[in-house]
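Subject: Structure for you to look at

Dear colleague,

Here are the sequence and the structure that I am handing over to you. Please open them side by side, and then read on for what was found.

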Amino acid sequence: MRKTRDAAAKRTGEAAKPKSGTERPGSWHLARTETERQLSEFEFRLERLAQAYYRWKAAGLAAVCDVPLTGDDVAVLNVVRMGDEPKRLSEIGQLLNRVDVPNLQYATRKLVKAGLIETEGSSSRKETRYRATGTGHSVTEAYAALRAATLPPMLEALEGWAEKSASAGSHLELVSSLYTQAAQVAITRRHQP
């Protein structure tokens, strides 16, 4: 760690500073105040939750289907299947709160190639709609059954799960809107001195 700090100091022309007594192991470079520390801890937990969730989705689908898909691919498949209504790529992006259109296009192409979803409608990319195939329907039903047999019993064993989940869900929706607002502010400040 000291070698890294010394190398960074050498590159910037600053003298290497010894670690201060106030810095804690595992402390964040993003945290200069107590609020920033709490935010960093929240974000770290959120990142770990997201990674565990996407790992679960990929493992769950792999248990019922031989097609290697990522957690992101499974999210797209489940959203396409949601409500059993065909959806445009823009609708899939909105439902998943994603703006990375090239990655969504890649996921839909991958799912089409795997025979889990199909296109319908216009040849125009904007008007193309995606829907689950018969195979996609069967796979998502098997995934739902595995999920029902696996996660609910674990969650029900946690005391106060339902109340805590409802409260956390509302809080996460609020925080999500704050991140959206912060992203808009960041965009307006891009490349400003």
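This is a predicted model: local features need pLDDT of at least 70, side-chain atom pairs count only at pLDDT 80 or more; totals for chains, interfaces and linings use all residues.

**The pockets**

The lining of the second largest pocket is made up, by class, of three nonpolar, four polar and three charged residues, where Ala, Val, Leu, Ile, Met, Phe, Trp, Tyr, Cys and Pro count as nonpolar, Asp, Glu, Lys and Arg as charged, and the others, Gly among them, as polar. These lining residues are L89, S90, G93, Q94, R98, V101, L104, Q105, R125 and K126. The elements that contribute two or more of them are α4 and α5, and α4 gives the most, with four residues. The space in this second largest pocket is about 190 Å³. On a 1 Å grid over the protein atoms alone, where a 1.4 Å probe is used, a pocket is an open set of points with protein on both sides within 12 Å along at least five of seven lines, and lining residues have an atom within 4 Å of a point. Grid points are joined across faces, edges and corners, and the volume is the space filled by probe spheres set on the points.

The largest pocket holds about 2100 Å³ of space, and of the 40 residues that line it, L46, L49, Y53, Y54 and L172 are the closest to its centre. At least two lining residues come from each of α2, α3, α4, α6 and α7 (161-188), with α7 supplying the largest share, 13 residues. By class, this lining divides into 24 nonpolar, eight polar and eight charged residues.

Residues are numbered from 1 along each chain as its sequence is written, and side-chain values use heavy atoms, with hydrogens and water left out. The mean pLDDT (the predictor's confidence in each residue, from 0 to 100) is 85 for the protein, and 85% of its residues reach 70 or more. Over residues 15-21, however, pLDDT stays under 50, and the model has seven contacts beyond four places in sequence for this stretch, a contact being heavy atoms within 4.5 Å.

**Fold and core**

The protein has seven helices and three strands, which run α-α-α-β-α-α-β-β-α-α from the N terminus on; helices (H or I, at least four residues) and strands (E, at least two) are DSSP runs, numbered from the N terminus. Of its 193 residues, 20% count as buried, that is, under 20% relative accessible area, with exposed being over 50% and partly exposed in between (1.4 Å probe, protein chains only).

A nonpolar core is a set of buried Ala, Val, Leu, Ile, Met, Phe, Trp, Tyr and Cys residues joined through side-chain atoms within 4.5 Å. Of the 19 residues in the largest one, L61, V76, I92 and L111 touch the most other members, and α3 gives the most to this core, with five residues. Leaving aside residues up to four places away in sequence, I92 touches V76, V79, V80, K87, L104, T108 and Y130.

**Two loop residues**

D84, in the loop between α3 and β1 (87-88), has a positive phi near 50 degrees although it is not a glycine, and D84 is partly exposed, with a relative accessible area of 47%. N97, in the loop between α4 and α5, also has a positive phi without being a glycine, at about 60 degrees, and N97 is exposed, with a relative accessible area of 57%.

With best wishes
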